[in-house]
Amino acid sequence: MAVGNEINQNDAVSSAGKVELLFFGQLKERLKCSKLSLEITQPLTISELKLRLVSQYPHWQPWLEERELLAALNQTMSSSDVIVKAGDELAFFPPVTGG
Amino acid sequence: MSIHIQVQTDDFNVGDEHNTLCSNNKSDGAVVTFTGLVREFSSGDNVIALELEHYPGMTEQLLQSIAEQAQKRWQLARICIIHRVGYLALGEQIVFVGVTSRHRQAAFEGAQFIMDYLKNHATFWKKEHFKNSSNWVEFKQSDKQALGKWES
């Protein structure tokens, strides 16, 4: 157990860095932001990262908590419990409407 | 088997794309193409243009994956998907899907499958421009229901 914990702590230390955030469609317009670098000190889930964003930008809350909002981690559709690490690219966007 | 994916601001020529699908292709007896256009009426108001944006990189990957899924289900020797982005005026072409197959049924179904999946999964977002306003298009439940026929 102790060894496991140590490894996790080391991981946390080495995993500090930036996550590149992207916003598309109506969300981009509402946030008035298309991309943003977010400093993280340890891996966190997409929903935890959203909470971080809301604490930093409280006026974004209604848009980031939109029920239909989708997320893609490193260009793969991802649910809110997926872990985000430093160096990752995370995009948020509304349901798609192409074609 | 070949797959051609293109996301571009420029217009495309349906005749040229059709010729490319047919040229040096002696094994396929069927070509089905679909072209989507900017239409006038949406939610009651007169649309004068559409603005389309996408997620560069992810969109192309998704379109490639949709085409590969179609090739797993049907014998589609050639697939071409072109989707435009940027500002598109009324009547302009938005999207092209062309497939070839030995027989027509696979070609018809394959092209429809690709369009249904593109509508639901490809990372494009559409904004409608009216005379004095603009509006982001909402996702349609009918597009989601269209996927039902491919689930089995």
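**View 1. Strands β1 and β2 of chain A.** Strand β1 (residues 17-23) of chain A pairs with β2(A) in the antiparallel sense over six bridges; two strands pair if DSSP finds at least two bridges between them. A:V19 has A:L38 of β2(A) as its bridge partner. Strands (E, at least two residues) and helices (H or I, at least four) are DSSP runs, numbered from the N terminus. The model is predicted: local features need pLDDT of at least 70, side-chain atom pairs count only at pLDDT 80 or more, and totals for chains, interfaces and linings use all residues. Residues are numbered from 1 along each chain as its sequence is written, and chains are lettered from A in the order in which they are written.

**View 2. The open sheet of chain A.** Five strands of chain A are arranged as β2-β1-β7-β4-β5, with mixed pairing. At the edges, β2 (35-40) and β5 (76-77) each pair on one side only.

**View 3. Helix α3 on the sheet.** Helix α3 (residues 46-56) of chain A lies across β1, β2, β4 (70-73) and β7 (89-93) of chain A. Its angle to β2(A) is about 105°, taken between N-to-C directions on a scale from 0 to 180 degrees, with axes fitted to C-alpha atoms, for helices over the stretch in contact (heavy atoms within 4.5 Å).

**View 4. Chain A as a whole.** Chain A has four helices and seven strands. Of its 99 residues, 41% count as buried, meaning under 20% relative accessible area (1.4 Å probe, protein chains only).

Notes. Side-chain values use heavy atoms; hydrogens and water are left out. Buried means under 20% relative accessible area, exposed over 50%, partly exposed in between (1.4 Å probe, protein chains only).
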